[in-house]
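Please open the structure in your viewer and display it as a cartoon.

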Amino acid sequence: TKVLLTGGSGFIAAHILEQLLAKGHSVVTTVRSEDKAAKIREAHPAQAVSGDLVVAIVPDIAKPDAFDEVVKTPGLEVVFHTASPFHYRWTDAQRDLIDPAVIGTTAILQAVARSAPTVRRVVVTSSFAAIIDEAHTADPTHTYTEASWNPVTLADIHRSRPTAYRASKTLAERAAWAFVRDPANGARFDLVTVNPPMVFGPLAPAHYVPALDAVNTSNERVVDCLRGKWRDEVPETGAAMIWVDVRDVATAHVKAGLEIPEAGGRRLFTTAGLFSHAEMASIVRRNFPEYKDLLPTEETKGGELPPENERYKFDNSATSALLKIDWIPFEKSIVDTVNSLKKVGA
Ligand code: NDP
């Protein structure tokens with residue numbers, strides 16, 4: 001099957017790309033610069049030569065016509081839209097975060113609706129950020145499910161950087177559902193969103209990451225732990241206290257896009273469950289004695305989960321029943337993450 005994958009240079013997308021190619025699909029992926037394109041081609045030489053991997057440059061996803069050309073690739077059947085900013089380094093939240101997220105999402109849907117009549121499904125990488133309601137993170141009577149929506153609005157983006165990021169994902173996902181539901185847009189495809197919480201896991205084997213400082217945002221906390229930043233006090237785990245392994249997130253995309261017709265119209269809440277920074281530190285301590293001097297001890301304070309009566313609940317049984325993924329456990333995920341980070345200098 002021929003598919004389009006936006007943001008192929010990303011942490012999650014590199015795993016999606018690997019799984020797609022391994023299953024024999026033909027992939028067009030977009031990145032924003034030629035040097036990133038070259039790295040992806042070098043990593044998959046056989047498919048780059050055979051034409052099963054084509055890397056296209058889309059320099060700015062915040063332009064409404066960004067994807068107009070690439071969607072004209074003949075024979076595309078499924079589109080995966082993963083490209084969206086996930087970092088906390090922006091200077092202007094509207095320009096650097098909201099616009100690429102929201103305009104990028106509507107731009108791909110618009111382009112497919114207008115110029116890619118063979119596409120039957122678009123899978124958008126949304127987030128638990130679009131599910132969580134910041135007013136209820138400490139509320140044990142509140143259960144987040146596939147039906148839950150973050151009520152955040154543009155007016156909230158100056159509250160904090162995490163809030164602005166959550167707004168970017170929420171507004172982008174709302175725009176996606178609104179687009180496919182409005183008959184005036186002429187969408188002949190259906191939509192699936194994948195809504196993962198914190199994603200940990202190894203870098204895809206062929207993913208080019210030049211240095212530890214270039215590791216994606218969600219894995220940064222594993223990097224911090226390995227670099228000794230948690231030695232004296234383990235930081236709060238925070239409201240994002242549920243997680244999933246990147247390989248399972250990639251599998252969820254591939255299944256939702258290509259293997260499970262009845263996924264159409266669904267939001268997929270992909271999570272393996274609760275985690276805490278304290279648990280992460282103890283897994284590293286148990287499995288990697290070489291980091292002992294940089295790590296907190298069993299007695300070091302901080303990073304525990306809040307008690308059960310001071311934290312939200314979640315229920316993703318509908319997603320688990322649909323995808324039938326046997327979620328990778330936290331210890332395996334962290335061990336594999338650390339082994340992978342060692343290769344980029346940890
Ligand atoms: P990465 O930062 O590794 O990937 C982000 C991707 O989006 C990269 O390909 C990046 O390109 C691209 N991108 C970011 N900003 C722009 C922009 N302004 N214009 C063009 N391309 C851009 O992070 P992840 O792989 O984790 O994120 C992938 C998706 O998953 C995002 O949609 C994110 O919101 C979502 N997500 C991630 C979670 C996590 O914990 N990791 C949890 C839930 C959702 P470049 O390489 O050039 O920077």
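Begin with the whole protein chain of this predicted model. Its radius of gyration is 20 Å, which agrees with the value near 20 Å that a compact globule of 346 residues would have. Along its principal axes, the C-alpha trace spans about 60 × 45 × 40 Å. Of the 346 residues, 46% count as buried. Among contacts with a separation of 6 or more, 79% join residues 24 or more positions apart.

Select the open sheet, in which 7 strands with parallel pairing follow the order S3-S2-S1-S4-S5-S7-S10. Which strands stand at the edges? They are S3 (53-57) and S10 (267-268); each has a single partner strand, so one side of each is left without a neighbour in the sheet.

Now move within the sheet and select residues 121-125, strand S5, together with residues 190-194, strand S7. These two strands pair in the parallel sense over 5 bridges. Show the side chains of valine 123 and of valine 192 in S7, which stand opposite each other.

Finally, select helix H2, residues 34-43. Helix H2 lies across strand S2 (26-31) and S3, and runs at about 170° to S3.

Technical notes: Residues numbered from 1 in each chain as written. Predicted model: local features only at pLDDT ≥ 70, side-chain atom pairs only at ≥ 80, totals over all residues. Rg over C-alpha atoms; globule rule 2.2 N^0.38 Å. Buried ≥ 20, exposed ≤ 12 C-beta atoms within 10 Å, placed from the backbone. Contact = placed C-beta atoms within 7 Å. Pairing = 2+ DSSP bridges. Helix = DSSP H or I, 4+ residues; strand = E, 2+ residues; numbered from the N terminus. Axes fitted to C-alpha atoms, helices over the stretch in contact; angles between N-to-C directions.
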